[in-house]
Amino acid sequence: MKELNPLLHSQLRLAVMSILMNVEEADFVYLKEKTDATAGNLSVQLDKLSSAGYISVRKGFAGKKTRTVCQMTSDGRKAFEEYVEALKQYLNL
């Protein structure tokens, strides 16, 4: 059986990737609310996903507030789909 991708096997990173699979992009506040993560933990996990090339992160401003927007990359989509297929093998689906 194919090994599960350890980068995606983390609960929070998997949650972020699952959310980003279904939307064009999501900002930090939205991801924080949906995952119920702390800002610090979410930030660390987004950095790991970004470093792997699975998501792109854009930082900018909305008025005077900083705004961080995340979007899944094609490499991230491929890695997520492979992860799901490997999981299906473990579950005999």
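**Entry 1**

Which residues does Ile 55 touch, not counting residues up to four places away in sequence? I noted first that the model is a predicted one. Then I listed the contacts: Ile 55 touches Met 17, Leu 20, Leu 46, Leu 49, Ser 50, Cys 70, Gln 71, Met 72 and Thr 73. I found Ile 55 in strand E2. With a relative accessible area of 3%, Ile 55 is buried. I also checked the way to Glu 33, which is 22 residues from Ile 55 in sequence and 18 Å from it in space, C-alpha to C-alpha.

**Entry 2: the whole chain**

I stepped back for the overall layout. The protein has four helices and three strands, and along the sequence I read the pattern α-β-α-α-β-β-α. The C-alpha trace spans about 50 × 25 × 20 Å along its principal axes. Of the 93 residues, 33% count as buried. I then looked at contacts between residues at least 6 apart in sequence: 57% of them join residues at least 24 apart.

**Entry 3: the core**

Which residues of the largest nonpolar core touch the most other members? I got Val 16, Met 17, Leu 31, Leu 42 and Leu 46, out of 23 residues in that core. At least two core residues each come from helix H1 (11-21), helix H2 (28-35), helix H3 (39-51), strand E3 (65-72) and helix H4 (74-91). H1 gives the most, with six residues.

Leaving out residues up to four places away in sequence, Leu 42 touches Leu 12, Val 16, Phe 28, Leu 31, Lys 32 and Ala 37.

**Entry 4: H1 and what covers it**

Next I asked which residues of H1 are buried. My list reads Leu 12, Arg 13, Val 16, Met 17, Ile 19, Leu 20 and Met 21. I was pleased to see an arginine, Arg 13, on it. The cover over the buried residues of H1 includes strand E1 (26-27), H2, H3, strand E2 (55-62), E3 and H4.

**Entry 5: H1 against H2**

At what angle do H1 and H2 pack? I noted about 120 degrees, with the axes 10 Å apart. H1 and H2 are therefore oblique to each other, as roughly perpendicular stops at 115 degrees. Their crossing is right-handed. From H1, Leu 12, Ala 15, Val 16 and Ile 19 meet Tyr 30, Leu 31, Lys 34 and Thr 35 of H2. I sorted the residues of this contact into six nonpolar, one polar and one charged.

**Entry 6: H1 against H4**

The axes of H1 and H4 cross at roughly 115 degrees and come within 11 Å. H1 and H4 are therefore roughly perpendicular to each other. H1 passes H4 in a left-handed crossing. On the H1 side I wrote down Leu 14, Met 17, Ser 18, Leu 20 and Met 21, and on the H4 side Gly 76, Arg 77, Phe 80, Glu 81 and Tyr 83. By class, this contact has six nonpolar, two polar and two charged residues.

**Entry 7: two residues of H3**

Is Gln 45 buried or exposed? Gln 45 sits in helix H3, and its relative accessible area of 9% makes it buried, because the limit is under 20%. Neighbours within four places in sequence aside, Gln 45 is in contact with Ser 10, Leu 12 and Arg 13.

Ser 43 is also a residue of helix H3. I have Ser 43 down as partly exposed, at 32% relative accessibility. I followed Ser 43 to Ala 86 too: they are 43 residues apart along the chain, and their C-alpha atoms are separated by 27 Å.

**Entry 8: a positive phi**

My last stop was the backbone. Most residues other than glycine have a negative phi. Asp 36 is not a glycine, yet I found a positive phi of about 60 degrees there. Where does Asp 36 lie? Asp 36 is in the loop between H2 and H3. At 70% relative accessibility, Asp 36 counts as exposed, since the cut-off for exposed is over 50%.

Conventions:
Residues are numbered from 1 along each chain as its sequence is written. This is a predicted model: local features need pLDDT of at least 70, side-chain atom pairs count only at pLDDT 80 or more; totals for chains, interfaces and linings use all residues. Side-chain values use heavy atoms; hydrogens and water are left out. A nonpolar core is a set of buried Ala, Val, Leu, Ile, Met, Phe, Trp, Tyr and Cys residues joined through side-chain atoms within 4.5 Å. Buried means under 20% relative accessible area, exposed over 50%, partly exposed in between (1.4 Å probe, protein chains only). Contact means heavy atoms within 4.5 Å. Axes are lines fitted to C-alpha atoms, for helices over the stretch in contact, and angles run from 0 to 180 degrees between N-to-C directions. Angles under 35 degrees count as roughly parallel, over 145 as roughly antiparallel, 65 to 115 as roughly perpendicular and the rest as oblique. A crossing is left-handed if the near helix is turned anticlockwise from the far one by less than a right angle, and right-handed if clockwise. Ala, Val, Leu, Ile, Met, Phe, Trp, Tyr, Cys and Pro count as nonpolar, Asp, Glu, Lys and Arg as charged, and the others, Gly among them, as polar.
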